[in-house]
Amino acid sequence: MATVDLKDVKKVYPSGVEAVKGVSIAIPDKELCVLVGPSGCGKSTLLRMIAGLETISAGTVAIDGKVVNAIGPTERDIAMVFQNYALYPHMKVYDNMAYGLRNRGTPKDEIDSRVRSTAKVLELSALLDRRPRELSGGQRQRVAMGRAIVRNPKVFLFDEPLSNLDAKLRGQMRVEIKNLQRTLGVTSVYVTHDQLEAMTLADILVVMNAGLVEQTGAPLDVYEKPASIFVASFIGAPPMNLLALTGSSSGPMLADGTAIGFAARETPAVTLGFRPEDADVTFNAEALPGALVLPATVEAVEPVGAESFLHCVAAGSRIIVRVSGRATAKPGDQLRVVAKAEKLHWFDQAGKRVD
Amino acid sequence: MIGQSPLRTFIAHAVLILGILIVGFPIYYTFVASTHTLQTILRPPLPLLPGGQLWNNYSEALFGGIGRIGGVSVGQLLLNTTIMALGVAVGKICISILSAYAIVFFRFPLRMTFFWLIFITLMLPVEVRILPTYKVMVDLGMIDTYAGLIIPLIASATATLLFRQFFMTIPGELVEAARVDGAGPWRFFIDILLPVSRTNIAALFVILFIYGWTQYLWPLLVTNSNDMNTIVIALRKMVSFADADTEWHLVMVTAMLAIVPPILVVVLMQRWFVRGLVESEK
C-alpha cells in the first residue's frame with residue numbers, strides 16, 4: 001500500500017558522530033526490505049529515522065511518495081516492532097493492542113473487532129486477558145506483532161524483533177513473519193544483524209557497513225555476487241574463504257608463492273575468494289585444469305550432520321570447506337582443496353568486486 | 001537462605017524479638033497508661049498491666065466535651081492533622097512526579113541547571129528557611145489556614161530524585177512505542193507512566209503521609225488558633241498546662257489516638273509499600 005524512498009539520508013549526532021553517511025534505498029510497494037550489518041553500522045538509526053523517532057540530518061525520507069521528514073511518528077502511519085517488544089507492562093494484551101487505535105479515535109466496536117480478528121490470526125485469542133509478564137517470550141513477540149498489525153499501517157518497521165528468542169522459536173517466527181507480511185501485503189523494513197534471518201526474509205537485501213550501503217539486491221544475487229569483501233565475508237555462514245594475492249610477471253600468485261594454475265586476470269585483483277560449498281577436497285594428485293588447486297592441511301573437522309566443515313590451512317590462510325555427509329578426512333591429513341574457476345570471486349585493492 | 005542451623009535461627013529470632021521489644025515497649029506502656037486513672041499514673045511505679053479505665057478514659061477524651069485544649073475536640077485535631085498529612089503527601093507526589101517527568105523525558109534548555117537547583121534545595125529544609133517562609137505566609141494571610149500548613153512543605157527534592165531514578169529505568173523503547181502508538185506527552189504520562197509508577201507512588205505516599213503527620217515545628221509556628229492545631233501540637237499543649245493539672249491519662253489516650261492513622265496507612269498500604277521499595281515492575 002506504500003512505497004518507502006530514502007534519498008541520500010544522513011544522520012549526524014550533535015556530538016559530531018556520523019551514524020548514517022548518505023543512504024539511498026527505494027523499497028517498492030508490498031516488499032520486505034532487510035537492513036543487515038554488524039552492530040554500529042547505522043541500520044537501527046536508519047530505521048528510527050524512517051519511524052520518525054530520530055531526526056533526519058540531511059536527505060529525504062518519503063512514504064507513499066510523500067516526504068515525511070518534518071512529521072512525527074504518529075502521522076507517518078507506521079507501526080514498529082521493537083527488540084524488547086516494549087509492551088505496556090500494566091495493560092492486558094487486549095489493551096496493548098487497542099491502545100494505538102484508541103489514541104486515533106477509532107470507534108469502540110471497530111477496535112474490538114479488529115483486535116479480536118488480529119488476535120485470531122496470531123493465535124492470541126486465549127491470551128487477551130493476560131498481562132505481558134504472564135506471557136512467554138514468543139507470546140510477547142506475537143503481541144508486539146499484533147500491536148503493529150492491528151493498526152493496519154502503511155509500513156511495518158521491525159527492529160531486530162527476533163533477537164531475544166531462542167533459536168528454535170526464532171526459526172518459527174521468521175517463517176511466520178514472512179507469511180504474515182506476504183498475506184497482509186504491507187511494505188516492511190526489517191533490521192537484523194543475523195545474516196540467516198536477512199537471507200530468508202528479504203525481498204530486497206541491503207547490506208550496510210559503517211553508515212553506508214555496501215550492496216543492495218535480491219538475497220541470492222547478493223550471495224552469489226557480493227559487491228565487496230565486506231559483503232562476501234558478512235553474508236554466508238561459514239563466511240567466504242579469502243586468499244591474498246601478490247602480482248608477479250607470470251601472473252598472480254598466492255601469498256606463499258603458489259602460482260594459480262590458470263589464466264591470469266586482466267584486472268588487478270588482490271584478493272580471491274570462494275564459498276566453502278564451492279570447493280571440494282581430493283586426496284588424488286591428478287592435474288585439474290581450470291580449477292584452483294590448493295595443497296592444504298586439515299586442522300579440524302566439524303561434523304554438523306548433513307554436512308561437515310573442514311578447517312584447513314592452505315597458502316598460509318585458514319579456509320573452510322564444506323563437504324556433504326561424513327568427512328573422510330581427519331585432522332592432520334594432507335589433501336588438496338579444489339575450487340572451480342567460475343566459482344571464484346575476485347576483489348581489488350579497495351575491496352570491491354572485479355568481474 | 002543463609003542460616004539453616006537451629007542456633008542461627010535462634011539467634012536471629014532473639015535479635016528480632018529484642019528489637020520488637022525495644023520498639024514496642026514504649027507504645028505498650030503508653031497504652032497501659034491510657035487505661036489507668038490519673039491518680040494511678042501520678043503514683044509511681046506505673047503498673048505493667050492495663051487497668052480498668054479503658055472505656056472511661058477513651059470516651060472522656062473523645063466525647064468528654066471538656067475544652068481541654070481551648071475547646072477543641074480530638075476529632076477536630078485528627079481531622080486537621082489528616083488534612084495536613086494528606087495535603088503534604090499528595091502535593092509532594094504531584095509536584096515531584098511532574099518535575100521528574102519534565103527532567104527525564106524532555107529536552108529543554110537549562111534542563112540540568114533545573115535539576116541541580118532542585119537537588120540543592122535538599123540542603124534547605126524547612127528549619128533553615130523558616131523565617132522567610134513565615135514572613136511570606138504572614139504577608140499572604142495564610143496563618144491559621146490549611147494552605148498555610150501544607151504549601152510550604154509541599155516541594156520535595158527527595159521525591160523528585162526518587163521519581164527521576166525510577167523514570168530513568170523505564171526503557172526508551174516503551175516511550176517510543178507510545179509515540180508510534182500516537183500518545184502525546186500528556187497521554188503518555190496518564191496512560192503509561194502513572195500506572196507503571198503506581199507502586200513507587202504508594203511507597204512514597206506512606207513515607208510522606210507519616211512525614212506530614214509528625215510535623216511539629218511548622219504547624220507550631222503557623223497555627224495560632226486552637227481550632228487549627230494538629231494533634232501533635234495539641235499533645236504538647238496538653239502537657240504544658242500547670243504541672244499538677246496535666247491530665248496524663250488523657251494525654252496518653254490522645255497519644256494512642258494520634259498513632260492510629262499512620263499505623264492504618266502503613267498496614268493498609270503495606271503490600272504496595274514493600275513492592276514499591278523492592279521490585280521495579282517493567
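Over how many bridges do strand β11 and strand β13 of chain A pair, and in which sense? In this predicted model, strand β11 (residues 241–246) and strand β13 (residues 271–274) of chain A are joined over 4 bridges, in the antiparallel sense. A handy place to look is A:L243, whose bridge partner in β13(A) is A:L272. Strands of a sheet pair through backbone hydrogen bonds, either parallel or antiparallel.

This pair belongs to an open sheet of 5 strands in chain A, and reading across the sheet gives the order β12-β11-β13-β19-β20, with antiparallel pairing. At the edges stand β12 (253–254) and β20 (353–354) of chain A; each has a single partner strand, so one side of each is left without a neighbour in the sheet.

Elsewhere in chain A, helix α6 (residues 195–201) holds A:A198. This alanine counts as buried because it has 23 C-beta neighbours inside 10 Å, where 20 or more are needed. Once its neighbours within four places in sequence are set aside, A:A198 is in contact with A:V34, A:V36, A:T192 and A:L205. As for A:K10, 188 residues away from A:A198 along the chain, the C-alpha atoms of the two are separated by 23 Å.

Turning to the interface, 17 residues of chain A are in contact with 16 residues of chain B. On the chain A side, the elements that give two or more residues are β6 (78–81) and α2 (93–103). Sorted by class, this side of chain A has 11 nonpolar residues, 5 polar residues and 1 charged residue.

Key
Residues numbered from 1 in each chain as written. Chains lettered and ligands numbered in written order. Predicted model: local features only at pLDDT ≥ 70, side-chain atom pairs only at ≥ 80, totals over all residues. Contact = placed C-beta atoms within 7 Å. Nonpolar A, V, L, I, M, F, W, Y, C, P; charged D, E, K, R; others polar. Buried ≥ 20, exposed ≤ 12 C-beta atoms within 10 Å, placed from the backbone. Pairing = 2+ DSSP bridges.
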